[in-house]
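Q: Please take a close look at one part of this protein, its sheet and the nonpolar core around it. Describe how that part is put together.

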Amino acid sequence: MTDRPRARRSAPPAKTIPNLSLDIRAESRRWRELGHLAALRDIAGEALRAGLAVAPRQPLDGAELSLLLTDDRRIRIVNRDWRGFDKATNVLSFPAAPPARIAASPLLGDIVVAYETVAREAEAEGKSLADHFRHLVIHGLLHLLGEDHETEAEARRMEALEVEALASLGIADPYADSELVKQAASASAELSRS
């Protein structure tokens, strides 16, 4: 036996979550009708912190992010003009810097969220509007931080990050039911081939 004290294992340092400068604007009366913009800012801030906690890439501390709360009519125009898809969607993200430069960019980018689509999806999926909004803010943030879902591998990675961030907020996995649907469709297709 030795008289030397044991070396203590220290816990890994906690991940430092950078502060973001959030500019939020409600362009649609539907968002404004929900109540105070301050409450939406708090919900968005909560979602951004959860997303940053799981994100592999981190932005510059104090980087600016804008969140535009709009409607289906406006997001359809933006989707058509910037992405070539002439239809409304729930969320769009516009990164200010390529992934390799995110950590040095004072501008993170823009997230645009459409009220009618978000409300319709939340109702169809049995979710609260606030929880679905949190999910879409996290989704948009991850896009700004260089994540994507163009390939199956990218989609799995991004979904896993979203699920982890949402779980930290006490929100259930939004993809759980879709996976069950995929499995059921796969089993059904296999049965019809036999």
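A: Leaving aside neighbours within four places in sequence, L69 is in contact (heavy atoms within 4.5 Å) with I24, R25, A26, E27, S28, W31, L37, L40, V113 and F133. The model is predicted, so local features need pLDDT of at least 70 and side-chain atom pairs count only at pLDDT 80 or more, while totals for chains, interfaces and linings use all residues. Residues are numbered from 1 along each chain as its sequence is written, and side-chain values use heavy atoms, with hydrogens and water left out.

L69 belongs to the largest nonpolar core, which has 38 residues. A nonpolar core is a set of buried Ala, Val, Leu, Ile, Met, Phe, Trp, Tyr and Cys residues joined through side-chain atoms within 4.5 Å; buried means under 20% relative accessible area, exposed over 50%, and partly exposed in between (1.4 Å probe, protein chains only). The members that touch the most others are L65, L67, L69, L108, V113 and F133. Two or more residues each come from β1 (20–26), α2 (37–54), β2 (63–70), β4 (107–114), α4 (115–124), α5 (129–144) and α6 (152–168). Here helices (H or I, at least four residues) and strands (E, at least two) are DSSP runs, numbered from the N terminus. Helix α2 gives the largest share, 8 residues. A second, separate core of 7 residues includes I75, V78, L92 and F94.

Now the sheet. Its 4 strands form an open sheet in the order β1-β2-β4-β3, with mixed pairing; two strands pair if DSSP finds at least two bridges between them. The edge strands, each pairing on one side only, are β1 and β3 (91–95). From one strand to the next the twist averages 15°. Axes are lines fitted to C-alpha atoms, for helices over the stretch in contact, and angles run from 0 to 180 degrees between N-to-C directions.

Between β3 and β4 the pairing is antiparallel, over 5 bridges. L92 has V112 in β4 as its bridge partner, and P95 stands opposite G109 in β4. Strand β3 is largely enclosed by the rest of the structure, because 4 of its 5 residues are buried.

Helix α3 (residues 72–83) lies across β2, β3 and β4, at about 45° to β3. Helix α4 lies across β2 and β4, at about 65° to β4.
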